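This report describes a single protein chain. The sequence and the model are shown first, and the description follows.

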Amino acid sequence: REGRRPLIAGNWKMHMTHLEAIGLVQKLVFSLTEKQLDDAEVVVLPPFTALRSVQTLVTGDQLAVGYGAQDLSAHDSGAYTGEVSGAMLSALACGFVVVGHSERRALHGEDDAEVAAKVQAALRHGLTPILCVGEGLDVRRAGGHVAHCTAQLDAALEGVPAEQVERIVLAYEPVWAIGTGEVATPEDAQEVCGALRSRLAQRFSPATAAVVRILYGGSVKSASTAGILAGPDVDGALVGGASLDADEFAQICRIAA
Ligand code: PEP
């Protein structure tokens with residue numbers, strides 16, 4: 001995959017208290033060798049309430065695991081009760097933040113404009129957005145998945161300067177595969193990841209497209225990892241359910257390394 005370092009990110013969703021998070025991260029890290037953690041980038045995405053605890057575990061670089069949040073506000077500060085800003089995440093030394101997850105789009109009404117504003121907020125605060133795109137089952141059945149995902153990508157990158165695009169990580173997450181146990185085939189994953197990369201090449205440059213990492217997400221387990229990662233444009237995985245089990249997640253990371 002042209003020198004792109006594989007990235008495995010665990011989206012814990014609304015699971016794990018900060019105490020449980022400490023146990024999970026410790027177990028994960030001690031299951032992986034230094035070499036594996038070097039060969040693949042491993043990132044955990046706990047709920048906001050566990051970020052500080054995870055930070056205290058991984059700071060000092062003894063444990064080479066990255067971490068980040070599952071969402072952020074498009075605003076930098078102000079009267080936005082319940083929201084968390086990019087500045088706050090950056091102060092916790094988060095490296096990553098998920099933007100535009102399908103659960104946020106569907107359950108919290110996030111539209112393309114809000115997703116685009118959040119991508120910019122993340123970049124403004126030095127965070128790497130993990131920008132999620134993906135089609136629902138109706139779109140997939142009608143054969144519109146590539147057009148749908150490239151349109152979501154275009155909308156989310158509206159106004160992002162070309163030189164910043166390289167900092168973004170994309171995640172192709174077909175909605176019908178998330179939390180359903182129905183993983184996409186390696187061909188399905190490659191088709192859309194490849195199309196997203198071509199779109200970046202067309203809109204920005206081939207050089208930019210060549211460095212952006214594109215993940216697949218949707219019911220990834222250790223048994224399906226090798227097949228999914230075989231696609232030349234699939235640079236890693238965004239893992240939900242399977243990231244809550246340290247042994248299973250570590251196995252996925254080993255396969256990617
Ligand atoms: C996700 O929530 O990003 C995800 C991919 O979930 P799961 O692996 O459980 O399908």
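Which residue is the bridge partner of Ile 8 in β2? The partner of Ile 8 is Val 42.

## Basis of the description

The model is predicted; local features need pLDDT of at least 70 and side-chain atom pairs count only at pLDDT 80 or more, while totals for chains, interfaces and linings use all residues. Residues are numbered from 1 along each chain as its sequence is written. Helices (H or I, at least four residues) and strands (E, at least two) are DSSP runs, numbered from the N terminus.

## The barrel

Eight strands form a closed barrel in the order β1-β2-β3-β4-β5-β6-β7-β8, with parallel pairing. From one strand to the next, the twist averages 25°. Angles here run from 0 to 180 degrees between N-to-C directions, and axes are lines fitted to C-alpha atoms, for helices over the stretch in contact. Two strands pair if DSSP finds at least two bridges between them.

β1 runs parallel to β2, and five bridges join the two strands. β1 also pairs with strand β8 (residues 236-239), in the parallel sense and over four bridges; in β8, Gly 236 is the bridge partner of Leu 7. Strand β2 (residues 41-45) is joined in turn to strand β3 (residues 66-69) by two bridges, again with the strands running parallel. Here Val 43 has Gly 66 of β3 as its bridge partner.

## Burial of β1

Five of the five residues of β1 are buried. A residue is buried if 20 or more other C-beta atoms lie within 10 Å of its own, exposed if 12 or fewer, and partly exposed in between, with C-beta atoms placed from the backbone. The buried residues are Leu 7, Ala 9 and Asn 11 on one side of the strand and Ile 8 and Gly 10 on the other, which leaves both faces covered.

Trp 12 is located in the loop between β1 (7-11) and α1 (18-31). Trp 12 counts as buried because it has 21 C-beta neighbours inside 10 Å. Beyond its neighbours within four places in sequence, Trp 12 is in contact with Val 44, Leu 45, Pro 46, Pro 47, Ser 243 and Leu 244. Two residues are in contact if their C-beta atoms, placed from the backbone, lie within 7 Å.

Lys 13 is in the loop between β1 and α1 as well. Lys 13 has 19 C-beta neighbours inside 10 Å and therefore counts as partly exposed. Its phi is near 50°, a positive value in a residue other than glycine. Most residues other than glycine have a negative phi. Ala 93, in the loop between α4 (86-91) and β4 (96-99), also has a positive phi, near 60°. With 15 C-beta neighbours inside 10 Å, Ala 93 counts as partly exposed.

## Helices α8 and α10

The axes of α8 and helix α10 (residues 186-203) come within 10 Å and cross at roughly 45°. The two helices are therefore oblique to each other. Angles under 35 degrees count as roughly parallel, over 145 as roughly antiparallel, 65 to 115 as roughly perpendicular and the rest as oblique.

The crossing of α8 and α10 is right-handed; a crossing is right-handed if the near helix is turned clockwise from the far one by less than a right angle, and left-handed if anticlockwise. On α8 the contact involves His 145, Val 146, Cys 149, Thr 150 and Leu 153, and on α10 Glu 191, Val 192, Ala 195, Leu 196 and Arg 199. By class, six of these residues are nonpolar, two polar and two charged. Ala, Val, Leu, Ile, Met, Phe, Trp, Tyr, Cys and Pro count as nonpolar, Asp, Glu, Lys and Arg as charged, and the others, Gly among them, as polar.

## Helices α12 and α13

Helix α12 (residues 222-229) and helix α13 (residues 246-256) have axes that come within 9 Å and cross at roughly 25°. α12 and α13 are therefore roughly parallel to each other, and their crossing is right-handed. Ser 222, Thr 225, Ala 226 and Leu 229 of α12 make the contact with Glu 248, Gln 251, Ile 252, Ile 255 and Ala 256 of α13. The classes are five nonpolar, three polar and one charged.

In α13, the buried residues include Phe 249, Ala 250, Ile 252, Cys 253, Ile 255 and Ala 256. Among the elements that cover the buried residues of α13 are β1, α1, α2 (34-39), β2, α12 and β8.
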